[in-house]
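Take a look at the sequence and the 3D structure below. Then read on for its charged pairs and its helix packing.

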Amino acid sequence: MKHRIAIPIEKGSLGCQFGLCKNFMIYTINENGSINSESCFNSNDDIVKQLEWLKAHNVTDIIAYKINRELIELIIKNKMNIFIGAPLQSPEELLRSYLDGDLESDINVLHNNELDNDINN
């Protein structure tokens with residue numbers, strides 16, 4: 001099965017807040033193991049439109065630092081995988097760690113993401 005992994009980027013590394021990032025690297029992992037990449041721009045600020053954009057790009061997996069709880073729920077309902085709390089590294093480093101099974105969440109980011117969402121909701 002082909003996977004399409006979206007990583008929001010700012011200044012060459014993982015963007016801090018998923019819903020605020022406009023630039024993405026989308027990696028296609030083909031069945032034969034080859035990897036293609038493309039740089040994409042998403043101008044949508046609305047959560048539903050962000051989800052539609054991800055679906056239109058056939059995204060199956062998302063790597064993020066922080067993300068709005070509402071968007072997390074929509075992503076999960078639409079059967080996409082999401083990894084939250086990833087380190088602020090280059091998209092290439094994140095992809096390699098993800099594919100190798102070595103990508104780890106920062107527990108402090110996960111906890112703070114929950115607090116941020118509680119305050120903002």
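R96 is partly exposed in this predicted model. The relative accessible area of R96 is 43%. A value between 20% and 50% puts a residue in that class. What does R96 pair with? R96 forms a salt bridge with D100. The closest N and O atoms of this pair are 3.6 Å apart. D100 is partly exposed as well, because its relative accessibility is 44%. Both residues sit in helix α3, which covers residues 91-100. They are 4 residues apart, about one turn of the helix.

**Salt bridges**

Side chains of opposite charge can pair when their charged atoms come close. How many salt bridges does the model have? The count is 3.

| Pair | Closest N and O atoms |
|---|---|
| R96 and D100 | 3.6 Å |
| R4 and E38 | 3.1 Å |

Now turn to R4 and E38. Their salt bridge has an N to O distance of 3.1 Å. This pair links distant parts of the chain. R4 belongs to strand β1 (residues 3-10), and E38 belongs to strand β4 (residues 35-41). The two are 34 residues apart. Is R4 buried or exposed? R4 counts as buried, because its relative accessibility is 12% and the buried class lies under 20%. E38 has 33% relative accessibility, so E38 is partly exposed.

K22 lies in the loop between β2 (13-14) and β3 (23-29). D45 lies in the loop between β4 and α1 (47-56). K22 is partly exposed, at 23% relative accessibility. D45 is exposed, at 59%.

**Helix packing**

Two packed helices are described by the angle between their axes and the distance between the axes. How do α1 and α2 pack, and at what angle? The angle is about 35 degrees. The axes of α1 and α2 (residues 69-77) are 10 Å apart. The crossing of α1 past α2 is right-handed.

Which residues make the contact? On the α1 side they are I47, Q50, L51 and L54. On the α2 side they are E70, L71, L74 and I75. Sorted by class, the contact has 6 nonpolar residues, 1 polar and 1 charged.

Key. Residues numbered from 1 in each chain as written. Predicted model: local features only at pLDDT ≥ 70, side-chain atom pairs only at ≥ 80, totals over all residues. Heavy atoms only, no water. Salt bridge = Lys/Arg side-chain N within 4 Å of Asp/Glu carboxyl O. Buried < 20%, exposed > 50% of the residue type's maximum accessible area, 1.4 Å probe, protein only. Axes fitted to C-alpha atoms, helices over the stretch in contact; angles between N-to-C directions. Left-handed = near helix turned anticlockwise from the far one by under 90°. Contact = heavy atoms within 4.5 Å. Nonpolar A, V, L, I, M, F, W, Y, C, P; charged D, E, K, R; others polar.
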